[in-house]
Amino acid sequence: MKLLIRPAAEVAIKSKPVRQQQMRQLRQNIRKLLARLDADIRVDGSWDRVDVEVPEGRGLTGAVIDELTRISGISTIQEIAVYPFVDLDDVGAKAIQAFAGRLKGKTFAVRARRHGQHDFRSIDLERLVGGALMQASEARGVDLKNPEVEVRIEVNDDQFHIAHRRHEGLGGYPLGTVETVMTLISGGYDSSVAAYLMMRRGIRSHFLFFNLGGTAHEVGVRQVVHYLWQRYGASHNVKFISVPFEGVVAEIMRSVNHRHWGVVLKRMMLKAAAEIARDYTATGLVMGDAVAQVSSQTLTNLNVVDRASDEVVLRPLIAMDKQEIIRIARDIGTEPFARNMPEYCGVISSKPVTRAKLHRVEEEETHMDPQVLASAIANSEHTKVSELLDSVVTPEEVELVQTPAVDDVIIDVRHPSEEERAPLTLTNNEILKIPFYELNQQVPELPAGRQYLLYCDRGTMSRMHAGHLKAEGLNNVKVYAPGA
């Protein structure tokens with residue numbers, strides 16, 4: 001199978017040196033990610049395209065296209081068939097073979113491009129192929145403005161190709177072509193969508209988590225960060241930094257007037273983020289604020305918060321409403337994580353200030369012990385996101401089962417997108433599909449007289465959640481580990 005990839009429109013209009021650099025990075029990203037599926041996949045390209053050749057007979061088509069649709073910087077992915085160019089009539093015959101059966105009752109248009117020296121124009125090719133398809137199919141007609149089917153043909157010197165199917169890409173810039181940032185992540189709707197939007201913009205992002213809720217909160221955030229990176233940013237290595245912030249929260253509540261708690265907490269986070277960002281040469285900080293969503297996000301308060309750092313603060317959600325944010329979260333697959341993520345507000349004021357004065361906030365902060373913030377930064381933990389789930393320690397040891405008994409129930413805990421790509425099939429066992437983020441709600445409601453074996457591809461997620469369920473008193477939960 002051959003695929004033709006076109007860069008996003010914003011890449012295509014760049015100056016020559018910038019475009020060359022971005023296309024080089026795009027090819028590199030594609031090559032690295034597709035090599036995880038099969039080392040024999042070939043990735044080449046030129047000024048305005050990337051060509052991918054997938055070995056035949058290995059059943060990789062769906063997986064390759066799924067991977068490509070999640071790589072930023074791509075406009076379209078076309079599945080193409082390549083032929084030697086003989087004459088226009090042969091092009092028409094190949095187009096009939098590919099499209100005649102798909103045009104019944106539909107309108108269509110032929111889009112042709114031509115490179116090299118030929119004795120015909122692109123419009124001549126479009127007219128000939130269009131006429132041939134009208135005669136050989138039961139198409140409803142030609143519609144050049146809004147066709148139901150587009151027949152795309154490209155002639156390159158002594159070859160031509162016909163695009164059989166066309167898939168929309170993610171758009172944006174290739175990851176790694178813009179500077180690096182530090183994204184403040186809480187695992188909720190806003191911060192996960194903000195992180196995705198920055199990656200789609202080609203910005204390499206480290207993830208910074210301020211732990212206000214203990215181990216359970218961090219486990220959930222690790223999961224959503226790993227998911228985001230695995231789906232949209234795995235071409236680049238990045239870090240997950242966890243900062244223990246319970247002590248800072250306690251110091252704020254002890255030393256600061258309660259009306260300023262929310263603003264001061266955000267300022268302390270920015271101060272810590274700016275210091276940590278310097279170690280990673282990150283040139284900006286990303287936050288998930290949307291203007292006026294909560295009291296600390298009024299324009300006045302955001303201005304006061306930003307004065308805590310000299311770094312540029314980027315807020316990609318600033319003008320979005322909550323429903324739009326949730327829609328994007330649903331599209332990118334983080335909505336289930338956010339829906340099940342506990343809220344850890346840290347500090348809640350009874351009458352929070354909505355128009356904070358910078359001098360008053362700074363005066364309140366002088367009452368705080370600066371060593372508390374310094375200690376939190378010093379005790380932060382830095383982990384490669386690629387190793388994020390591997391480093392999670394389960395609270396209880398769990399038994400691994402290689403061959404389940406007939407009565408055992410297998411629970412597939414993978415994210416639905418993973419389960420769809422590689423469904424689990426067993427001959428004699430009942431299989432339940434319960435994503436890991438719904439286990440705590442659903443497993444306690446299952447019949448108590450059965451044994452349940454949690455399953456995931458690598459075994460990390462299943463072991464971790466089986467350990468947590470066992471720690472909560474569920475002794476009929478083990479792990480299905482066929483390769484153990």
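Predicted model: local features only at pLDDT ≥ 70, side-chain atom pairs only at ≥ 80, totals over all residues.

Two strands are said to pair if DSSP finds at least two bridges between them. Strand 16 (residues 409–412) is joined to strand 17 by four bridges, and the two run parallel. Within this pair, Ile 410 stands opposite Ile 431 of strand 17.

The secondary structure of the protein chain comes to 17 helices and 19 strands. The C-alpha atoms fill a box of roughly 85 × 65 × 40 Å, taken along the principal axes. Of the 484 residues, 52% count as buried. Among the contacts in the chain with a separation of 6 or more, 79% are accounted for by residues 24 or more positions apart.

A second open sheet has six strands, in the order 13-12-9-10-11-14, and here the pairing is mixed. Which strands stand at the edges? They are strand 13 (312–314) and strand 14 (381–384); each has a single partner strand, so one side of each is left without a neighbour in the sheet. From one strand to the next, the twist averages 25°. Strand 14 is joined to strand 11 (residues 239–244) by four bridges, and these two strands run antiparallel. Phe 240 stands opposite Thr 383 in strand 14.

Further antiparallel pairs involve strand 4 (residues 74–84). Six bridges join strand 4 to strand 1 (residues 2–7), and the two run antiparallel. The bridge partner of Arg 6 in strand 4 is Thr 76. Strand 4 is also joined to strand 8 by 10 bridges, again in an antiparallel arrangement. In that pair, Ile 74 stands opposite Gly 171 of strand 8.

Helices may pack against one another as well. Two packed helices are described by the angle between their axes and the distance between the axes. Helix 4 (residues 88–99) and helix 5 (residues 122–136) pack at an angle of about 45°, with their axes 9 Å apart. That angle makes helix 4 oblique to helix 5. The crossing of helix 4 past helix 5 is right-handed. Helix 4 contributes Leu 88, Asp 89, Val 91, Gly 92, Ala 95, Ile 96 and Phe 99 to the contact, while helix 5 contributes Leu 125, Leu 128, Val 129, Ala 132, Leu 133 and Ala 136. By class, this contact has 11 nonpolar, one polar and one charged residues.

Ala 376 lies in helix 14 (residues 370–378). Is Ala 376 buried or exposed? With a relative accessible area of 5%, Ala 376 is buried, because the term applies under 20% relative accessible area. Leaving out residues up to four places away in sequence, Ala 376 touches Val 243, Pro 244, Phe 245 and Val 248. The C-alpha atoms of Ala 376 and Val 243 are separated by 6.1 Å, although these residues are 133 residues apart along the chain.

Lys 266, in helix 9, counts as buried at 17% relative accessibility. Neighbours within four places in sequence aside, Lys 266 is in contact with Met 287, Asp 289, Ser 296, Gln 297 and Val 305.

Two loops complete the account. Most residues other than glycine have a negative phi. Thr 281 has a phi near 50°, a positive value in a residue other than glycine. Thr 281 lies in the loop between helix 9 (261–279) and strand 12 (284–286), and at 63% relative accessibility Thr 281 counts as exposed. Asp 157 likewise has a positive phi, near 55°. The place of Asp 157 is in the loop between strand 7 (149–156) and strand 8 (159–171).

Note on methods
Residues numbered from 1 in each chain as written. Heavy atoms only, no water. Axes fitted to C-alpha atoms, helices over the stretch in contact; angles between N-to-C directions. Buried < 20%, exposed > 50% of the residue type's maximum accessible area, 1.4 Å probe, protein only. Parallel < 35°, antiparallel > 145°, perpendicular 65-115°, else oblique. Left-handed = near helix turned anticlockwise from the far one by under 90°. Contact = heavy atoms within 4.5 Å. Nonpolar A, V, L, I, M, F, W, Y, C, P; charged D, E, K, R; others polar.
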